[in-house]
Number of protein chains: 2
Amino acid sequence: MASDHTRTAILNAAERLYADRGFGDVTLRDIVAAANVNLAAVNYHFGSKDELIAELFVTRSLATNRERLNELRNAEEAGGGRAGIDAIFRALVGPTLRGCLGPSSEGSTAARFMIRASIESVPPIRRIKNREVDHLRKFAAAMRRSLPGRAEADLYWALHFALAMAHHTIRERERLTKLSEGVCDLDDVQGIIERVVAVSAMALMGGEAKTKAPARVAARDAR
Amino acid sequence: MASDHTRTAILNAAERLYADRGFGDVTLRDIVAAANVNLAAVNYHFGSKDELIAELFVTRSLATNRERLNELRNAEEAGGGRAGIDAIFRALVGPTLRGCLGPSSEGSTAARFMIRASIESVPPIRRIKNREVDHLRKFAAAMRRSLPGRAEADLYWALHFALAMAHHTIRERERLTKLSEGVCDLDDVQGIIERVVAVSAMALMGGEAKTKAPARVAARDAR
DNA sequence: GATAGTTTCATACAACTGTTTGAAATGCAA
DNA sequence: TTGCATTTCAAACAGTTGTATGAAACTATC
């Protein structure tokens with residue numbers, strides 16, 4: 001037990017430094033200097049550098065996943081076991097985008113850390129991300145309940161594209177601002193979420209009316 | 001001039017090693033060992049490790065960009081100055097997806113290197129990517145010509161989402177296979193391209209008929 | 001075949017990395 | 001206070017990294 005003071009000081013300093021300068025050029029010595037603790041404290045409290053990074057990422061990651069599942073559960077309860085497809089996508093990408101975008105994310109170390117984690121891909125984080133399959137399957141299941149007739153492949157492709165748009169927007173938000181010369185407002189988080197949700201739903205629906213039968217989205221006029 | 005033998009041996013070995021094991025844990029010593037050349041040869045021929053990586057990436061990157069612009073030009077000429085929106089997206093994501101996906105990409109070192117470069121983000125590569133704004137603006141211009149009435153923001157968001165889907169598919173292709181338990185066929189490159197193109201077009205069109213007036217895609221029922 | 005320029009080589013360099021060690025300090029129970 | 005366990009600390013360790021050096025080998029020109 002004890003005071004935990006050193007432990008949390010390390011966690012805070014590490015999160016801030018990694019967020020600001022990336023995993024690539026932050027050493028344990030940088031961290032302990034910022035935390036005002038001894039170099040050996042990291043290995044004493046966490047075992048290794050990788051385990052420190054893993055703990056940082058797992059904490060934030062679990063929080064996001066909890067938020068997602070909360071939103072999903074609420075949507076399904078509101079719909080009597082079946083959530084609308086929009087609500088499902090909103091539960092999937094909303095928490096991540098809200099957490100990492102918008103003016104508040106500039107100040108939040110947690111947000112900047114997660115952005116960094118999505119840009120640089122270090123081994124300990126990759127290992128954790130690979131365990132997220134079960135979590136995503138829950139969203140696939142919700143989609144299946146919501147649209148029983150849909151082809152499995154279309155389901156997963158839509159899920160995949162939703163995550164693609166969300167993560168890419170977080171990763172490349174600066175580039176998008178520069179590319180569009182400020183025309184794309186990265187601070188309008190709710191607008192972005194609805195945009196991603198709408199496109200994801202269209203990816204699944206093939207641009208047809210929401211309640212209609214399956215519509216293939218793929219291979220039309222090849223080239 | 002001279003034989004260039006050493007130079008190209010380094011380039012080949014480096015590309016293969018980076019493709020296989022990532023930038024993180026391939027050292028210059030690994031490279032020169034695989035290339036059967038002296039350690040000092042890298043600094044002699046390239047100046048530094050970062051310049052070697054940069055040269056590798058620039059070469060492949062320019063090739064892709066050339067291919068993209070070729071396809072775009074062809075599409076615009078075929079349409080008398082105005083390419084169809086599908087053709088524009090196809091020119092944008094086609095070369096990248098064809099290069100990095102499909103059974104052939106397993107064998108191609110170049111493809112595996114570019115996949116690696118899109119997963120790990122090292123400083124020299126990031127610097128080059130940031131100079132790609134001009135290149136992407138050409139596609140924005142083509143979209144503008146194709147659909148003069150469209151709002152600028154919608155244009156850039158669709159462009160952004162197209163790249164998002166393409167790159168995310170490349171980055172996470174293994175995860176998607178595992179997640180979907182093989183239901184998503186990552187070897188059907190043409191099918192994937194058409195899927196991405198269709199969704200991108202829908203992102204821009206808002207699910208309405210292709211020739212209709214602007215349709216906002218964003219903020220409907222917030223939450 | 002001597003000369004000048006290029007390329008290769010073995011080796012050293014200097015710095016930095018995460019981790020370990022063993023002793024000192026601290027906190028807490030009896 | 002005594003004793004015991006936890007925590008901190010300075011120092012060193014062992015290994016790796018990219019880069020620099022200066023001599024040797026080569027190549028082509030005159």
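## Trp157(A) and Phe161(A)

Trp157(A) and Phe161(A) are both buried (under 20% relative accessible area, with exposed over 50% and partly exposed in between; 1.4 Å probe, protein chains only). The model is predicted: local features need pLDDT of at least 70, side-chain atom pairs count only at pLDDT 80 or more, and totals for chains, interfaces and linings use all residues. Residues are numbered from 1 along each chain as written, chains are lettered from A in the order written, and side-chain values use heavy atoms, without hydrogens and water.

Rings of Phe, Tyr and Trp (its six-membered ring) pair if their centres lie within 6.5 Å; planes under 30 degrees apart are stacked, over 60 edge-to-face, the rest tilted. The count is 6 aromatic pairs over all chains. Trp157(A) and Phe161(A) form a tilted pair, with 5.5 Å between centres and 40° between planes. They sit 4 residues apart in helix α10 (residues 152-171) of chain A, about one helical turn. Helices are DSSP runs (H or I, at least four residues), numbered from the N terminus.

In chain B, the Phe23(B) and Phe113(B) planes meet at 75° with centres 5.8 Å apart, so the pair is edge-to-face. Phe23(B) lies in the loop between α1 (5-21) and α2 (28-35), Phe113(B) in helix α7 (residues 109-119); the pair ties together parts 90 residues apart in sequence. Phe23(B) is buried at 5% relative accessibility, Phe113(B) at 0%.

In chain A, Tyr18(A), Phe23(A) and Phe113(A) form one aromatic cluster.

Technical notes:
Helix = DSSP H or I, 4+ residues; strand = E, 2+ residues; numbered from the N terminus.
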